[in-house]
Amino acid sequence: MPGTSIKDALSKWEAKTGQKATEATCIQLNMLVPPIDKMDSSLNNLGACEWLSLSTNCIEKISNLNALKNLKILSLGRNNIKNLTGLEAVADTLEQLWISYNQVEKLKGITVLKKLKILYMSNNNVKEWGEFGKLNELPALEELSFVGNPLQEKHEAEGDWRQQVEGKLPRLKKLDGVTIVKQDEEED
């Protein structure tokens with residue numbers, strides 16, 4: 001059975017909410033039956049959208065974000081996404097990326113998000129510090145959820161996860177839901 005297209009999903013959303021998708025700032029197309037399987041060109045009509053949620057579908061690839069010039073929050077949790085390419089179009093506006101419960105192993109493509117403050121990417125497949133290190137190229141990153149990735153699970157078992165991350169991402173303020181308390185180097 002073919003998936004639901006973005007066009008059809010938007011039509012149903014408009015009928016349900018009474019809003020025009022072209023004017024809406026928050027659009028949630030979650031858990032559709034049949035699920036959305038592709039981010040198609042119908043997304044080009046969502047220029048006013050600041051928060052787009054396509055969670056719990058069957059999307060495999062991030063695409064067609066070129067017209068979303070106001071997008072601040074992109075929620076793609078619980079899909080089948082394997083990589084983070086396709087985010088360049090929202091590099092200047094995106095502040096939050098919710099991509100937990102996917103199959104992301106490599107973080108190529110994330111470094112373009114210079115305004116990204118919050119990254120929820122728990123329960124993916126990141127295994128190597130080399131990939132994790134790309135997060136240090138995100139100057140605004142303050143909050144990270146990384147629980148359930150093989151890298152986190154290995155270092156959590158070794159007891160040095162938080163220490164390792166704090167050393168690699170010194171600007172981080174919150175890790176896996178817990179605030180990072182910095183020790184002032186000069187105490188009175």
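In the predicted model described here, Trp-98 is partly exposed, with a relative accessibility of 23%, where buried stands for under 20% relative accessible area, exposed for over 50% and partly exposed for the range in between, computed with a 1.4 Å probe on protein chains only. Residues are numbered from 1 along each chain as its sequence is written, and side-chain values rest on heavy atoms, with hydrogens and water left out. Because the model is predicted, local features require pLDDT of at least 70 and side-chain atom pairs count only at pLDDT 80 or more, whereas totals for chains, interfaces and linings use all residues.

Trp-51 is likewise partly exposed, at 27% relative accessibility. Aromatic pairs were assigned to rings of Phe, Tyr and Trp (for Trp, the six-membered ring) with centres within 6.5 Å, planes under 30 degrees apart being stacked, those over 60 edge-to-face and the rest tilted; the count by this rule is seven. In one of these pairs, the ring centres of Trp-51 and Trp-98 are 5.5 Å apart and the planes stand at 70°, so the arrangement is edge-to-face. Since Trp-51 belongs to strand S2 (residues 51–53) and Trp-98 to strand S4 (residues 96–98), this pair ties together parts that are 47 residues apart in sequence; helices (H or I, at least four residues) and strands (E, at least two) are DSSP runs numbered from the N terminus.

The rings of Phe-132 and Phe-146 also form an edge-to-face pair, because their centres are 5.1 Å apart and their planes lie at 90°. This pair links distant parts of the chain, 14 residues apart, with Phe-132 in helix H2 (residues 129–132) and Phe-146 in the loop between strand S6 (143–145) and helix H3 (150–158). Phe-132 is buried, with a relative accessible area of 0%, and Phe-146 is buried at 0% as well. The charged end of Lys-168 sits over the ring of Trp-129, 4.6 Å from its centre, the criterion being NZ of Lys or CZ of Arg within 6 Å of the ring centre and within 35 degrees of the ring normal. Elsewhere, the charged end of Arg-78 sits over the ring of Tyr-101, at 3.9 Å from the ring centre.

In helix H3, the buried residues are Leu-151, Gln-152 and His-155. These residues cover an arc of only 90° around the axis, taken from the directions from the helix axis to the C-beta atoms, and therefore lie on the same side of H3. Their cover includes H2 and helix H4 (161–168), contact being defined by heavy atoms within 4.5 Å. Just after H3, Gly-159 takes a positive phi of about 80°.

Eight strands form an open sheet in the order S1-S2-S3-S4-S5-S6-S7-S8, with mixed pairing, two strands being paired if DSSP finds at least two bridges between them. Strand S1 (26–28) and strand S8 (178–179) stand at the edges with a single partner strand each, so one side of each lacks a neighbour in the sheet. Strand S3 (residues 73–75) runs parallel to S4 and is joined to it by three bridges, with Ile-73 standing opposite Gln-96 in S4.

A search of the whole structure for disulfides, defined as pairs of cysteine sulfur atoms within 2.5 Å, finds zero. The sulfur of Cys-49 has its closest cysteine sulfur in Cys-26, 6.9 Å away, which is too far for a bond. Cys-49 is buried at 0% relative accessibility, whereas Cys-58, at 33%, is partly exposed.
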